Amino acid sequence: SSSSLQKRKRFQMEALSKTRHSVQKLNAAMVKSLLDQGVNACTISPGISLPGMRAYGRSCCSSSSSSTTTDTNTISGNDGSVAAMELLCQSINEALDAGLLP
């Protein structure tokens, strides 16, 4: 029924919010620990895509990921997740090139 779907969706969004918050706190603690040890660490959030409930696509992070010619619609189901993953990989590679540990 519509009511049970709404309750389920509300529960899922609450769980997503709490999980995201916990991950951010853990990430902050890890970065602080690394900084305390002299490591130039930084956070890079993969972001989230609420409609698809994804943090990223299925590509692998590598500096050569932009050279692939795979049809992103085939891999990602038309939701843009491969493009988002490529942007995340680019951010990670740029941070590494700058001497940061993402």
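Visitor: How many helices and strands does the protein chain have?

Guide: The model is a predicted one. Its protein chain has three helices and zero strands. Along the sequence, the pattern reads α-α-α.

Visitor: What share of the residues counts as buried?

Guide: The protein chain has 102 residues, and 12% of them count as buried. Its accessible surface comes to about 7500 Å². Carbon and sulfur atoms account for 56% of that surface.

Visitor: And the contacts? Among those between residues at least 6 apart in sequence, what percentage joins residues at least 24 apart?

Guide: The figure is 63%.

Visitor: How far does H3 reach from its first C-alpha to its last?

Guide: H3 covers residues 81-97, 17 residues in total. Its reach is 24 Å, close to the 24 Å expected at 1.5 Å a residue.

Visitor: What follows H3?

Guide: Gly99 does, with a positive phi near 90 degrees.

Visitor: Now the cysteines. Are Cys42 and Cys89 buried or exposed?

Guide: The cut-off for buried is under 20% relative accessible area. Cys42 has 18% relative accessibility, so Cys42 counts as buried. Cys89 has a relative accessible area of 1%, so Cys89 is buried as well.

Visitor: How many disulfides are counted?

Guide: The count is zero.

Visitor: How many salt bridges does a search of the whole structure find?

Guide: General idea again. Side chains of opposite charge can pair when their charged atoms come close. The search here finds two salt bridges. One joins Glu14 to Lys18, with the closest N and O atoms 2.8 Å apart. The other joins Asp36 to Lys32, at 2.9 Å from N to O.

Visitor: Where do Glu14 and Lys18 lie in helix H1 relative to each other?

Guide: Helix H1 covers residues 2-36. Glu14 and Lys18 are four residues apart in H1, so about one helical turn separates them. Asp36 and Lys32 also lie four residues apart in H1, about one turn.

Methods
Residues numbered from 1 in each chain as written. Predicted model: local features only at pLDDT ≥ 70, side-chain atom pairs only at ≥ 80, totals over all residues. Heavy atoms only, no water. Helix = DSSP H or I, 4+ residues; strand = E, 2+ residues; numbered from the N terminus. Buried < 20%, exposed > 50% of the residue type's maximum accessible area, 1.4 Å probe, protein only. Contact = heavy atoms within 4.5 Å. Areas by Shrake-Rupley, 256 points an atom, 1.4 Å probe, with all protein chains shown as cover. Expected span 1.5 Å × (residues − 1). Disulfide = S-S within 2.5 Å. Salt bridge = Lys/Arg side-chain N within 4 Å of Asp/Glu carboxyl O.
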